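Open the model in your viewer and keep the selection panel at hand.

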Amino acid sequence: MENILTDQELIAPELPEQKDPSTSSLEPGWYKVANSDDIASKSAIQIDDFPTQIVVWRGEDTVLRALDLYCKHMGASLACGEVDENSIRCPFHAWRWAGNGQCDQIPYAKKIPTKAVTRSWEVSEDGGLVYVWFDKDQNPADPDGKKFN
């Protein structure tokens, strides 16, 4: 008899505590999270000084991307993972996450679970600084929004 796990069984029921950004009192805007030089090509950093913990990485294409910090599979910090092409690979079981929050590869699986999705964050790079858009009501990023350093 073949052991087939459901989507629900493949996603961790409990993860490390991800701060709830909807409880933040920060106003909507672009928040500085790093200097551009802090994130080399194909590297990732963990950001804790934000309304929630995130990972920011620079893909092979030099574009910056950001997701919630913890992998939805088993809760590993994605900042400890490896940048693979333009996605980030979890250090525990090698699930690979694209910048849009979709799991785009599981090396040992025939199918990616439909619940393998995490929150993505808009990133902007300007004048050697890296900004991430925050709006506790989850309104789309405003390219001309206020910047906070």
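Start with the open sheet: four antiparallel strands in the order β2-β3-β4-β9. Strands here are DSSP runs of E with at least two residues, helices runs of H or I with at least four, both numbered from the N terminus; two strands pair if DSSP finds at least two bridges between them.

This is a predicted model, where local features need pLDDT of at least 70 and side-chain atom pairs pLDDT 80 or more, while totals for chains, interfaces and linings use all residues. Residues are numbered from 1 along each chain as its sequence is written, and side-chain values use heavy atoms, without hydrogens and water.

Next, select β2 and β3 (residues 54–58): five bridges join these antiparallel strands. Gln46 has Val55 in β3 as its bridge partner.

Move to Asp68 in β4 (residues 64–68). Is Asp68 buried or exposed? Its relative accessibility is 3%, so Asp68 counts as buried (under 20% relative accessible area; exposed is over 50%, partly exposed in between; 1.4 Å probe, protein chains only). Show the side chains of Arg119 and Trp121: the side chain of Asp68 makes a polar contact of 2.9 Å with that of Arg119 and another of 2.9 Å with that of Trp121. A polar contact is a pair of N or O atoms within 3.5 Å; within protein, one must be able to donate a hydrogen and the other to accept it, and residues adjacent in sequence count only if both atoms are side-chain atoms.

Finish at Ser24, in the loop between α1 (7–10) and β1 (29–35). The C-alpha atoms of Ser24 and Phe134 are 9.7 Å apart, with the two residues 110 residues apart along the chain.
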